[in-house]
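Please look over the model below before reading on.

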Amino acid sequence: MVQTLRLLLGDQLSPRMASLRDLDPARDVVMLAEVAAEATYVRHHKKKIAFVFAAMRAFADELSEQGVTVRYVQLDDPLNTGSLGTEIARAVSELKPAELVLTEPGEHRLAAEMESWEATLGIPVEVREDSRFICSHAAFRAWAKERKQLRMEYFYREMRRCAGVLLDGEEPAGGRWNYDSENRKPADADLFMPKPPHFAPDAHTREVLDLVATRFADHVGDLEPFWFAVTHAQAEEALRHFLVNALPSFGDYQDAMLSGEPFLYHSVISMYLNAGLLDARDICRRAEAEYRAGRVSLNNAEGFIRQILGWREFVRGVYWLRGPDYLHENALGATRNLPWFYWSGETEMACLKAAIGQTKREAYAHHIQRLMVTGNFAMLAGVDPYQVHEWYLAVYADAYEWVEAPNTIGMSQFADGGVVGSKPYASSGAYIDRMSDYCGSCVYDVKAKAGPKACPFNYLYWDFLARNRDKLEGNPRMAPMFKTLERMSDERRAEIADDARKFLEALQ
């Protein structure tokens, strides 16, 4: 008789999952299921689907080798009913377990569905908090309580103290909490940039690739070449490679963008971390160890640790604190449809073409490409933030709603009105020109402010401010920009509005 059926989701591929904590191999069954509904509720990138399915199969094999009974449902199983809820019901009907144990999902959508399972299944259902994260829900709520503003920087300092990371006694290592001001160097094309390790697909992964090519042929993105890690051992190799070869320059160049260099010094491990193949605590400890050993400067180690211990934990806290309605916030009233080139990559704007083309090929773009190119453009153009959210969720291999939604709705689109970010991350073409080499090959002139050859970011930036003046003018961090806008002549403001109108009409 099966005592406990233990469900693992596709992003819960860790032996440390709370749902496996008291596993009894003699009496329990662990279940994983590839279901069409989870692959298609947004049209996920082909490479993302392949990564998740291949990693699920590899982890199921690891568990089986350890003597655990695994119920694994493949997508092409003739009995596969196509959804998580119906597959759980089928398993309960066949195995007749005394209880179902699972770890909370990373999406409100699934969490709401799971609330009904106990009644529909007729057995006790225990949903455990995800212990892979360093800040619990209760701890984040306590930190956020009665705060007028939720600012990541102050949360990050608490997390550093709580985790005991990068501290010298009670003080931050080096005397400062944040070294971001040292991490804004543009990169030169002649720098040596270590590529993340590529892993040749084994027989099981090749089966998954064939399956995805057949079943999801009309989804966005390139499936081949497929080089992602799909096992814990491979993900560990990717982490070691980053710590030794790229972390020493990560912080310096983390905001840089170069044509033909999709990875620069970035870790490219977020998809492994978010799926459970790596552990956040372990990553932070090892990054700190590189600094303590003198192999990595403090600004590089701190910049990387801040992304995991600070930003990653912060956005998860915001996601669960704000609830499911957060996805539909639209503080700036943006209603334009997402331009088709976000899916096709067919645009004359070199920066967008590079970022979207890379996204299609790799299911990856680093945070500045997402924030200051694709996100910045969508916000300036007034695109519906929910459509932007669905795009980011679909196209990136590391995107799960708990991490993607606050980054999009909050930081990228300012649709939450300032919950995540203290101001909109809006910029003209000058920022992209300073931090990249994209502008040199663009048909538009980043130095031109007006006319058909002017960089659209330039006039869209000022048009964005003019359109949203009533909503943004009271923001103290925006005051200098509005003063500049006010000093412009009526003729110049009319020229900006006309250029923006023509461009956005053509965009439709």
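This is a predicted model: local features need pLDDT of at least 70, side-chain atom pairs count only at pLDDT 80 or more; totals for chains, interfaces and linings use all residues.

1. Residues are numbered from 1 along each chain as its sequence is written, and side-chain values use heavy atoms, with hydrogens and water left out.

2. The largest nonpolar core has 165 residues (buried Ala, Val, Leu, Ile, Met, Phe, Trp, Tyr and Cys joined through side-chain atoms within 4.5 Å; buried means under 20% relative accessible area, exposed over 50%, with a 1.4 Å probe and protein chains only). Phe51, Tyr272, Phe314 and Phe377 have the most contacts inside this core. A second, separate core of 21 residues includes Val2 and Ile123.

3. There are five cavities of 30 Å³ or more (sets of points on a 1 Å grid over the protein atoms alone where a 1.4 Å probe fits but cannot get out; lining residues have an atom within 4 Å of a point). The largest cavity holds about 420 Å³, the volume being the space filled by probe spheres set on the points, which are joined across faces, edges and corners. Among its 25 lining residues, Gly10, Asp11, Glu38, Val52 and Tyr400 are the closest to its centre.

4. The peptide bond from Glu224 to Pro225 is cis, with omega near -5°.

5. Lys96 is exposed, at 57% relative accessible area, whereas Phe414 is buried, at 4%.

Notes. On a 1 Å grid over the protein atoms alone, a cavity is a set of points where a 1.4 Å probe fits but cannot get out, and a pocket is an open set with protein on both sides within 12 Å along at least five of seven lines; lining residues have an atom within 4 Å of a point.
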